[in-house]
Amino acid sequence: MSAPAASTDPPTLDELREEFRLMEDWEERCEYLIDLGLDLPGLPDDAKTEPNKVHGCQSNVWLVTEDRDDGTLGVYADSDAMLVKGLTIVLRSLYHGKTPAEILALDVKPVFAELGLDRNLSTARKNGFGGMVERVRGEASERK
C-alpha cells in the first residue's frame, strides 16, 4: 500500500509539545487531538484490512508502514474513533520519517507523560496506543 494521496506530514514532536504546553487542561488537549484527527487523511478502504488492523485497541485502528527512498519509514494510520484518530497523529509525530534504528531507540513513555496522555487517557486507550507503538516497533525491527 502506498501512502494516501492526500497525506501530509504530521506535526513534529516539538510542535506537539509546544501546542500541549499552551493548553491549560485535558479538555483543551482532548479537543486538540480530535481536531488533529479531523485533519488526518484517512487510509483508502483497501488498506482497512485484517492484516493492517491493530489488535488490542478499543476502536478499529488500521496501520500501514512503507519504506521510503531515504531509508526512513512512512507511518500511516486511521481509526473509526475521533480521539483515536488524533492519537494516530501523535504516533505519526513520534515515528513518521524516522529510520528503523531511530524508531527502536525512542522511548515513548516520557513523551506520553510530558503530553499528559498517561494521566488522562483511559486504560483501554493507553493499551490501544501501546498496541500501535508495538506494531510500529515490530515493523521497524523487521527492517533493521
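**Helix packing, in conversation**

Visitor: Is the crossing of helix 3 and helix 7 left-handed or right-handed?
Guide: Helices are DSSP runs of H or I with at least four residues, strands are runs of E with at least two, and both are numbered from the N terminus. A crossing is left-handed if the near helix is turned anticlockwise from the far one by less than a right angle, and right-handed if clockwise. By that rule, the crossing of helix 3 and helix 7 is right-handed.

Visitor: What kind of model is this, and which pLDDT must side-chain atom pairs reach to count?
Guide: Residues are numbered from 1 along each chain as its sequence is written, and side-chain values use heavy atoms, leaving out hydrogens and water. This is a predicted model in which totals for chains, interfaces and linings use all residues, local features need pLDDT of at least 70, and side-chain atom pairs count only at pLDDT 80 or more.

Visitor: How many charged residues are in the contact of helix 3 with helix 7?
Guide: Contact means heavy atoms within 4.5 Å, and on that basis residues including Leu87, Leu91 and Tyr95 in helix 3 meet residues including Phe129, Met132 and Arg137 in helix 7. Ala, Val, Leu, Ile, Met, Phe, Trp, Tyr, Cys and Pro count as nonpolar, Asp, Glu, Lys and Arg as charged, and the others, Gly among them, as polar. The contact of helix 3 with helix 7 has 11 nonpolar residues, 1 polar, and a charged count of 2.

Visitor: How many of the 14 residues of helix 3 are buried?
Guide: The expected span of a helix is 1.5 Å times one less than its number of residues; for helix 3 that gives 20 Å, in agreement with end C-alpha atoms 20 Å apart. Helix 3 is largely enclosed by the rest of the structure, because the number of its 14 residues that are buried is 13.

Visitor: How is helix 2 oriented relative to helix 3?
Guide: Axes are lines fitted to C-alpha atoms, for helices over the stretch in contact, and angles run from 0 to 180 degrees between N-to-C directions. The axes of helix 2 and helix 3 come within 7 Å and cross at roughly 80°. Angles under 35 degrees count as roughly parallel, over 145 as roughly antiparallel, 65 to 115 as roughly perpendicular and the rest as oblique. That makes helix 2, relative to helix 3, roughly perpendicular.

Visitor: What about helix 1 and helix 2: how are they oriented to each other?
Guide: Their axes come within 10 Å and cross at roughly 140°. Leu16, Glu19 and Phe20 in helix 1 meet Arg29, Tyr32, Leu33 and Leu36 in helix 2. Helix 1 and helix 2 are therefore, to each other, oblique.

Conventions: Buried means under 20% relative accessible area, exposed over 50%, partly exposed in between (1.4 Å probe, protein chains only).
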